[in-house]
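This briefing walks through one protein chain, topic by topic. Keep the sequence and the 3D view side by side while reading.

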Amino acid sequence: MRTSARIALATAAAALLIGGVTAPASSSSQGAQARDRVLVFSKTAGFRHDSIPEGIAALKELGAASKLAVDATEDATAFTPGNLARYKAVVFLSTTGDVLDATQQQAFEEYVADGGGYLGVHAAADTEYEWSYYGGLVGAYFQSHPAIQPATVRVEDRHHPATAHLPAAWPRTDEWYNYRSNPREHVHVLATLDETTYTGGTMNGDHPIAWCQEYGGGRAFYTGGGHTKESYADPAFRGHLLGGLKYVTGQVSANCKPNTGYRKIFNGETLDGWKQAGPGSFTVDKATGTLHTTGGMGLLWYQAKELSSYSLKLDWKMQGDDNSGVFVGFPASDDPWSAVNKGYEVQIDATDAPDRTTGAVYSFQSADLAARDAALRPPGEWNQYEIRVEGERLQVFLNGVKVNDFTNTDPERSLTDGYIGLQNHGADDQVSFRNIRLKELAAPADGALPGTGD
């Protein structure tokens, strides 16, 4: 038990009403009970959600089934060191606006630092915009939302207790928040929204909607769902809440470190996060999770984020003597020629000049042809690229073998910032892509030689 909890319980000799929550008298039997309590806080200083009573009822039912007593209050005076020490976690249930004063904020920060848990539901992201500590704790602040509508939630982590029971593609109806920033770099993303499945998403296809993190000594979980009353009767959403509750109260362990490994940037079903520039397109074969070029010359580019240092891995396959490529380091544009003129293309082409065939940095540097030829699989078979950009250095690995190592010296074509894209070269060129995944890397120190990626 935390030290502050022992002090609080020792001084609570009689029942005390704080903020509508009755604190039990101190006793050895109640010492264990006090460790298994959750406080639901639903004060609103802005918009008030009419689903709050359903949310409280659901949390009480879920808590009871998990041996967690759940108290509910809208009185901010409950945020004292002594009272907070009674709880394993505090749920901010669709709170809005400024709900705590400076003293109460300090008490809550100390509570989290002492191991207390935080669970934010829906409008918890529409709360305490001037309290930077809270912004870090919730992960991202609310920006806007479209009308309530169905959408597909895509689960990234199938192991966390809040998402383990969910399908990889989870269709549900709710009010879908856009956020002022993307929290991915700081939190462990559990699920995202597929912005191609509804209207009004503004996060360019990388739209986290549920996440967790270790923060300031405690555990934090946030879900953007929960606007509607119906959410709290939905078994899948209730299971989502329960998993979050078990995590923040310490009943279960989970990996909530930021996502630092490779992540899929093509979900295999839609072009969420991607945008077509120029003529032609890409078709999606959902059965195989594969992209196929159609027409052109165009470019399908990943608009969700401009990138600096990263490793991009993908599989590609030609049918015959076809032409395509992977572009890096170009500015956002609806003109595919912008990528040609301002970025670099890692070429895919069976037969052409050495600086324009597979593995070349198109028109700038040929691949190591001996290494390329030894690693290359013939048309009709899948090959894999790793394209590694670190500062101005561009390395190309074909099926695990390094075939190109290029350093840019042109400040007008800098690789230090830019987007990535896939070329659809023309109607006669048939190239397929799959397993497109990205890992962001630390930027190399000024003047330092980046790693080889081997």
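Glu 128 sits in the loop between β6 and α6. The model is a predicted one. Glu 128 has a positive phi of about 55°, although it is not a glycine. Its relative accessible area is 2%, so Glu 128 is buried.

- His 122 lies in the loop between β6 (117-121) and α6 (132-138).
- Phi of His 122 is near 50°, a positive value in a residue other than glycine.
- His 122 is buried because its relative accessible area is 0%, where the cut-off for buried is under 20%.
- A cis peptide bond runs from Gly 296 to Met 297, with omega near 15°.
- Met 297 belongs to the loop between β17 (290-294) and β18 (298-302).

**The chain as a whole**

- The chain has nine helices and 26 strands.
- Its C-alpha trace spans about 85 × 45 × 35 Å along the principal axes.
- Of its 454 residues, 54% count as buried.
- Take the contacts between residues at least 6 apart in sequence: 71% of them join residues at least 24 apart.
- The chain carries 38 positive and 54 negative charges, and the mean positions of the two sets are 9 Å apart.

**Nonpolar cores**

- The largest nonpolar core has 73 residues.
- Which residues have the most contacts inside this core? They are Phe 92 and Phe 108.
- Helix α7 (residues 235-248) gives the most to this core, with six residues.
- Beyond its neighbours within four places in sequence, Phe 108 is in contact with Phe 79, Leu 84, Val 90, Phe 92, Tyr 118, Trp 131 and Leu 137.
- A second, separate core has 38 residues, including Tyr 310, Ala 375, Leu 422 and Leu 438.

**Gly 244 in helix α7**

- Gly 244 is placed in helix α7.
- Is Gly 244 buried or exposed? Its relative accessibility is 0%, so Gly 244 counts as buried.
- Gly 244 contacts Leu 119, Ala 162 and Phe 221, leaving aside neighbours within four places in sequence.
- Gly 244 and Pro 161 are 83 residues apart in sequence, yet their C-alpha atoms are 6.9 Å apart in space.

- His 188 is in strand β11 (residues 188-194).
- With a relative accessible area of 7%, His 188 is buried. The 7% falls below the cut-off, because buried means under 20%.
- Which side chain makes a polar contact of 2.6 Å with the side chain of His 188? The partner is Asp 157.
- Asp 157 is also one of the residues that His 188 touches, not counting residues up to four places away in sequence.
- His 188 and Thr 260 are 72 residues apart in sequence, and their C-alpha atoms are 8.9 Å apart in space.

**Asp 373 in helix α9**

- Asp 373 is part of helix α9 (residues 369-375).
- Why does Asp 373 count as partly exposed? Its relative accessibility is 48%, and partly exposed covers values between the 20% limit for buried and the 50% limit for exposed.
- Asp 373 and His 227 are 146 residues apart along the chain, and 57 Å separates their C-alpha atoms.

How values were computed:
Residues numbered from 1 in each chain as written. Predicted model: local features only at pLDDT ≥ 70, side-chain atom pairs only at ≥ 80, totals over all residues. Heavy atoms only, no water. Helix = DSSP H or I, 4+ residues; strand = E, 2+ residues; numbered from the N terminus. Buried < 20%, exposed > 50% of the residue type's maximum accessible area, 1.4 Å probe, protein only. Polar contact = N/O pair within 3.5 Å; in protein donor to acceptor, adjacent residues only side chain to side chain. Contact = heavy atoms within 4.5 Å. Lys, Arg positive; Asp, Glu negative; His and termini not counted. Charge placed at Lys NZ, Arg CZ, Asp CG, Glu CD. Core = buried A, V, L, I, M, F, W, Y, C linked by side-chain atoms within 4.5 Å.
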